[in-house]
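Have the sequence and the 3D view ready.

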Amino acid sequence: MGRLRSDTHTTMMESSRRPSLWAGSLRRDHIRLDDLASDRIEEGQPYTASKSGPSSASRQNSFAWPFHGRNASEAHSTTRSSRFTFRTWQPRSFFRPHDDTASIDRSIVPDYVVNFMRGETPETLARKKEQRKWGQHGVEVTPRRGTFASHPIEFGHYYSSSTDLTRDLNTFSSWSRKSGLRRHVTGWRGGVIFNSLISFIILLVGIICLILVIAKAKLLAGESTIYSGDCITAEHINIGIHIVINVFGVALLSGANYVFQVLSSPTRSEVTVAHGNKRWLDIGIPSIRNFLHISGFRAAVAVIVLLSAVASQVIYNAVIFTTQNVVNYDVLFVTRSFLDHAPFSNDANINEGRLSNLDIINLQDAASQAGTLTNMTSTACLKEFSSIFQPSFDAVLLITDTVSTTSSLIRTNEPGTSLTTFASNNNDITAPDGSHVQYCLARPSAPQTCSVNLSGSILGIAVLLNLATVISMAIILARSTFEPLATLGDSIRSFLRHPDPTTDNACLLTKSDVRKGNWAFDEAQFFVPTNHYWFLTPSFPRWVLTAVSWLAIAAPTAVALGLMVSANLDDPLTRFGVATPQFSFLPPSPFGTAQMPLVTALPQLLIAILYFVINAHLTTYFLSHEFSLFARSPRSLRVSSNPAGEQTTSLFLTLPRPVSWTLVAWFTAMGFSLSQAVFPGVIALSSSNSPSTGPKPPTDRIVAVSFSTQALLTLLALLVALLLALFILGCRRTGAASFASGEAKGNPLVLRGGSCSAVISAKCHHHDVVPPGHRSPQQNEGELWLRSIAWGVVEEGSGMRPGRCGFSANGVGCVDAGRNYV
């Protein structure tokens, strides 16, 4: 309610339009508040700050009160009016009881007097009465100033020991009265909800798959076959499932990184404590460094979110694996006469392979027919049948130079025996009887079958880890009082509202100064303008971390690819996720089908680490870029919660969504390529059966580590392209915002060396300086953090007095290289 006042001096002209005579005998603080409660003037109604009485608009109406139009002699008088001064209206409070003897009954004061004191006229009262009856039409609703609640007066704009940091620094709810729903679906809370929802969908898919596995296999442990049949179809199914798995895995990593950045972001009170101890914090980027200064609960939850997401990326890639059903090849040493159906002996002493007469006769018939068997040299034969399995042939006849009249069959060996057992130093093959192998005949095997298997126990572990991720993400939403400085706009808003005294008069403070302990300067500083490229923003340790993380996966990939290709120049490229004999290796100690997928999925840990490092590296790029834009043109603050005025909010924190989505897609491709480059080679070996002998011994299983050169090459190409993109983006130059010798050069707001809370706070002083030629800001205009602002010179220096730089909503000047500033 506006302040109404009256002067003791009343002229004849004033008495003709103001009820000074009768009003002088009535103390205004005696009017009851509930007598004036109805029909209060809203902000949208016309209001003038004139002295008591009707506004200029009301005096032009054709209606008038009974005392209007009288002259001084016709007005009522009283002897008390000459010395009486009106007091300001005081609303009734709890300390003024309703039966106050100083109050008077409304019946004493006529209605037209009360209405006149409200600034009403008979015409406005008639209009309001009509509106109450029929409703108001053509009303234009405008925002009320009441949207912004009052706040404590800031003496000197600094903190004191009695400042309530937990109420005034960590929350901005007093600046924007929003509904609870809107507050929790915008800014960082909306981002956490979005990522929690994605994690919950992934969890739901995992639970459904787990239920289906349990229902089919009747147990949680062990394997469940998803598909069994043609190997090409199984290959496509395996690729499709691993694409989905890596989309889910990288989505979990992205969500965990988002929540980690929110949790590791400090509150203003934590920044104040750290600055008091001359410690700086990271703002706007994911930070492990902040763990020493934030609450232990948030640090613990952040670690849980991060570790559970990384473990999920590894475990999910170990859930699915394929099995190749291969017929183990038979090994027979024979003479040349064997090919001409010469008689042979099937004695147990020479038949270690336990082949039946029918099996041997079938091989003898096939060998006598031209083109039925594949002819190989002894060297080619040694190379083909020296691997841990052979999917292309199911039997091999080694023709020796022995001449025998008793038996054309020299010996059979155990199925799958490697020919390296009989190899000499010069790569010749020597038969058990000492003769030399001249050439080989190999029988092609029938088309093999494959199966896609799922490990129920590993899937159960993955679901539990996913559940931990979802719970950890949702926990932070329950802390309604937590308001982190998650974005650059959050920190600027906080430091503008409450400037940091530890960085006063240091508007040109840099991170190198902070590391040297120079948080404030005794004299003004000169700005040295230099062109800033984005690669100068990350600190040297961050570049080292990025290089080490990239080399940790790129170097082994390049070495493995080079060794495998050089060793198999005839057929260097193998398909995605398909185990081949030349690129499958047995581990030193045997692993089961439940352990080997986990071992081969461990390199996914390097992918997860590289994602976090590259994400933080790019976030540092764009943090400095966003800050530098304030030195070029006015911009509104982009805050992570409770936007007010011209402030905006977004679901992303620092890294723009197109860049973030591109990074997710890129690492999804890398994770998929890695899952197909290094994978478990599970081979189910079986011996051929003949009707005369019945089933052979139980099937053996080979569990090896297999590699795909095509996938390795794709992964290496993606890694190289990622590094090139990082360098190309780093070569981008920051827009100039200062002058040196009349040329635009340099930008005083770049964050050389990375994020630093002290540097940001140093830029947020002197914003209350009014530039020459501008009017002083009004009450709401002084809250410049609610408006579009720019950073620059807010007060030019003169003589020995240095200039001042800071944020302003009324225009700023460019920083000049030839002048000093504080």
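Start with the largest nonpolar core, which has 62 residues; among them, Trp188, Leu610, Ile614, Phe667, Met670 and Leu719 touch the most other members. A nonpolar core here is a set of buried Ala, Val, Leu, Ile, Met, Phe, Trp, Tyr and Cys residues joined through side-chain atoms within 4.5 Å. Buried means under 20% relative accessible area, exposed means over 50%, and partly exposed is in between (1.4 Å probe, protein chains only). The elements that give two or more residues to this core are α8 (187-217), α9 (231-264), α11 (296-316), α17 (540-567), α19 (604-628), α20 (657-677), β14 (700-707) and α21 (709-730). Next, a second, separate core of 45 residues includes Trp280, Leu496, Trp785 and Val793.

Before going further, a word on where this comes from: the model is predicted, local features need pLDDT of at least 70, side-chain atom pairs count only at pLDDT 80 or more, and totals for chains, interfaces and linings use all residues. Residues are numbered from 1 along each chain as its sequence is written, and side-chain values use heavy atoms, with hydrogens and water left out.

Back to tryptophan 188. Leaving aside residues up to four places away in sequence, tryptophan 188 touches Tyr258, Val262, Ile476, Phe482, Glu483, Pro484, Ser640, Ser641 and Leu653. A contact, by the way, means heavy atoms within 4.5 Å. Across the chain, 82% of the contacts with a separation of 6 or more are between residues 24 or more positions apart.

Now zoom out. The chain has 22 helices and 20 strands; these are DSSP runs numbered from the N terminus, with helices (H or I) of at least four residues and strands (E) of at least two. Of the 822 residues, 48% are buried.

Finally, the charged pairs. How many salt bridges does a search of the whole structure find? There are eleven, each a side-chain nitrogen of Lys or Arg within 4 Å of a carboxyl oxygen of Asp or Glu. One joins glutamate 352 and arginine 411, at 2.9 Å from N to O. Glutamate 352 sits in the loop between β3 (330-334) and α12 (357-368), while arginine 411 is in strand β6 (residues 409-413), 59 residues apart.

Another pairs arginine 443 with aspartate 394, the closest N and O atoms being 2.9 Å apart. Arginine 443 is in strand β7 (residues 437-444) and aspartate 394 in strand β5 (residues 393-400), so this pair ties together parts that are 49 residues apart in sequence. Aspartate 394 is buried, at 14% relative accessible area, whereas arginine 443 is partly exposed, at 21%. To finish, find Glu795, Arg801 and Arg804, which are linked in a network of salt bridges.
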